[in-house]
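Please look over the sequence and the model shown below before reading on.

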Amino acid sequence: MMRATGDSKPSFPARRPPEPVALDPQQWERILQIVRLQHPTLNRVWFDQMQPRQLTNGVIQVTVATSAQLNFCQSQCQQPFSAAAQQVTGRLVAVSFHCDNLPRGGVFNEGDEPLLLSPDYTFENFVTGPCNRLPHAASVAVAENPGKAYNPLFIHGGVGLGKTHLLQAVCQRVLEKQPDARILYLSCDNFINQFILAIENGDMHQFRYRYRHVDMLVIDDIHFLAGHDRTQEEFFHTFNTLYQQQRQIILSADCPPSEIPELEERLTSRFNWGLVARIEKPCYETRVAILQKKARMRGLVLPEDVVCYVAAKIESNTRELEGAITKLQGMSMLPGANGPGKIDLELAKAALGEIGTAEQRRITMQQIFDAVTKYYNVRLSDLQSKKRHKSIAFPRQVCMFLARRHTRYSLEEIGGYFGGRDHTTVLHGVRTVEADCKNDREIDNQVSHINGQLVG
Ligand code: ADP
Ligand code: MG
């Protein structure tokens, strides 16, 4: 089966371009002292051999010697070390641990660190039903027979329906059977950023080597390739190389390949070469089963009437079902409740009442238009026109984003409110605003402000 051949090229995973600023040794000494004082049970003699480096992004990267030390540090030391580092530097820094001598197999992300998969995201913890039988079966088949069963495997569906869960389950199953398999698992965003970085640093050779010498490549949320022409071009070649060597490729997206906006035709067609499987929203019975499983995983006992109530109340996605359990668990610990983990129907109704009202309190397109036109001082007719100037296009996209968030209209229906724009345009608008809010504080403030007016 798949096996990346070792040759004399740079070893995998490649290191990021160096950003080395040696950490002031005295500061590091003090950090160690504080940890040792405050957490005597954690203290190990080999702490003295740790090698700290200060990265530019507020992270102190500490290299340890062995993978066992790494395990120990990652599971127990991150918080105590970060707290001590904050105390010493007076800044909001975080400590992260690394090791240069790890076994070659494993799951890696875009950096040089092994990726910690969620131990919850396994096949054992995945509940199947009519909504996800095909993607689940395909994932199991791929995990049993990587590179052979379906290549690529393309899983698509709305948010919170279990795509990431399935992707990680495949990785974990493959590694169980083949501990030295090298899996590169990353979000599409990361792939794009790494590509841009590689171009900027003139590192394309290294970049290509990394991505084309793995046993399995998993990219989550591939729809973010939309519009990134040069990254698409590069990904096309990566795809071909891996495919020809029968390395497994797994992709997820929020829509089928043909609906990813601005995606090159040759990629769309390749994404369809293997199996395209859709995850639907879970039906009532599946929601019940998921609730029961999630509760059991947390050692909670949910009475049947509570399970039925929650399953009936929350239909939209599985992530919200999980949120509901967290909320119930939290409420059961408040003073005046029945006690930690004691959850009855009354408590469930009190806890989830709000969700119901938020869903019932329908926000209309008209309200969204009113709030946005007022805030940006634009005319509704402009929003609905074909004008593409940013001063109009952006408020239009904000409307689309808010409509997606607050109404139950489909992308097509929302497009209908804007002079019949098609759903890919709406999707692009929604994503643009999402990304801008993430990256730009000012825009995030604007959108939160308008949103506040709507829900307020
Ligand atoms: P997506 O990547 O599609 O947005 P995730 O994989 O992140 O969704 O799933 C959201 C949450 O719902 C996760 O906690 C996941 O474990 C859970 N989940 C989704 N589908 C299932 C399922 N069929 N069985 C158990 N848990 C599920
Ligand atoms: Mg996901």
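**A walk through the model**

Gln246 has its place in the loop between H7 and strand S9 (248-253), where helices (H or I, at least four residues) and strands (E, at least two) are DSSP runs numbered from the N terminus. Although Gln246 is not a glycine, its phi is positive, at about 55°. Gln246 counts as partly exposed because its relative accessibility is 41%; here buried means under 20% relative accessible area, exposed over 50%, and partly exposed in between, with a 1.4 Å probe and protein chains only.

Before going further, note that this is a predicted model, in which local features need pLDDT of at least 70 and side-chain atom pairs count only at pLDDT 80 or more, while totals for chains, interfaces and linings use all residues. Residues are numbered from 1 along each chain as its sequence is written, chains are lettered from A and ligands numbered from 1 in the order in which they are written, and side-chain values use heavy atoms, with hydrogens and water left out.

Asn377 sits in the loop between helix H13 (365-376) and helix H14 (380-384), and it counts as exposed because its relative accessibility is 69%. Another backbone feature to look for is the cis peptide bond that joins Asn151 and Pro152, with omega about -5°; Pro152 belongs to the loop between H3 and strand S6 (153-156).

The chain as a whole is divided into domain 1 (25-99), domain 2 (123-279), domain 3 (284-358) and domain 4 (365-455), with bounds that come from an automatic or database domain assignment. Taken over C-alpha atoms, the centres of domain 1 and domain 4 are separated by 45 Å.

Where do the nonpolar residues of the largest core come together? In soluble globular proteins, nonpolar side chains tend to be buried together. A nonpolar core is a set of buried Ala, Val, Leu, Ile, Met, Phe, Trp, Tyr and Cys residues joined through side-chain atoms within 4.5 Å. The largest such core has 59 residues, and Leu217, Ile219, Ile222, Phe235, Phe271, Ile368 and Val398 are those with the most contacts inside it. Helix H15 (residues 390-406) supplies the largest share of this core, eight residues. Because domain 2 (123-279) and domain 4 (365-455) both give residues to this core, it lies between them.

Leu217 shows what such packing looks like for one residue: not counting residues up to four places away in sequence, Leu217 touches Leu184, Leu186, Tyr211, Phe235, Thr238, Leu242, Gln248, Ile249 and Ile250, where contact means heavy atoms within 4.5 Å. Apart from that core lies another, of 26 residues, among them Ala169, Ile183, Tyr185 and Ala277. Tyr185 is found in strand S7 and counts as buried because its relative accessibility is 7%.

On a 1 Å grid over the protein atoms alone, a cavity is a set of points where a 1.4 Å probe fits but cannot get out, and a pocket is an open set with protein on both sides within 12 Å along at least five of seven lines, while lining residues have an atom within 4 Å of a point. The second largest pocket is lined by 17 residues, of which Asp189, Phe224, His228, Arg431 and Ala435 lie nearest its centre. Helix H17 gives the largest share of that lining, seven residues. Domain 2 (123-279) and domain 4 (365-455) both give residues to the lining of the second largest pocket, so this pocket lies between them. The second largest cavity, for its part, is lined by Thr122, Phe123, Glu124, Ala169, Gln172, Arg173 and Glu176.
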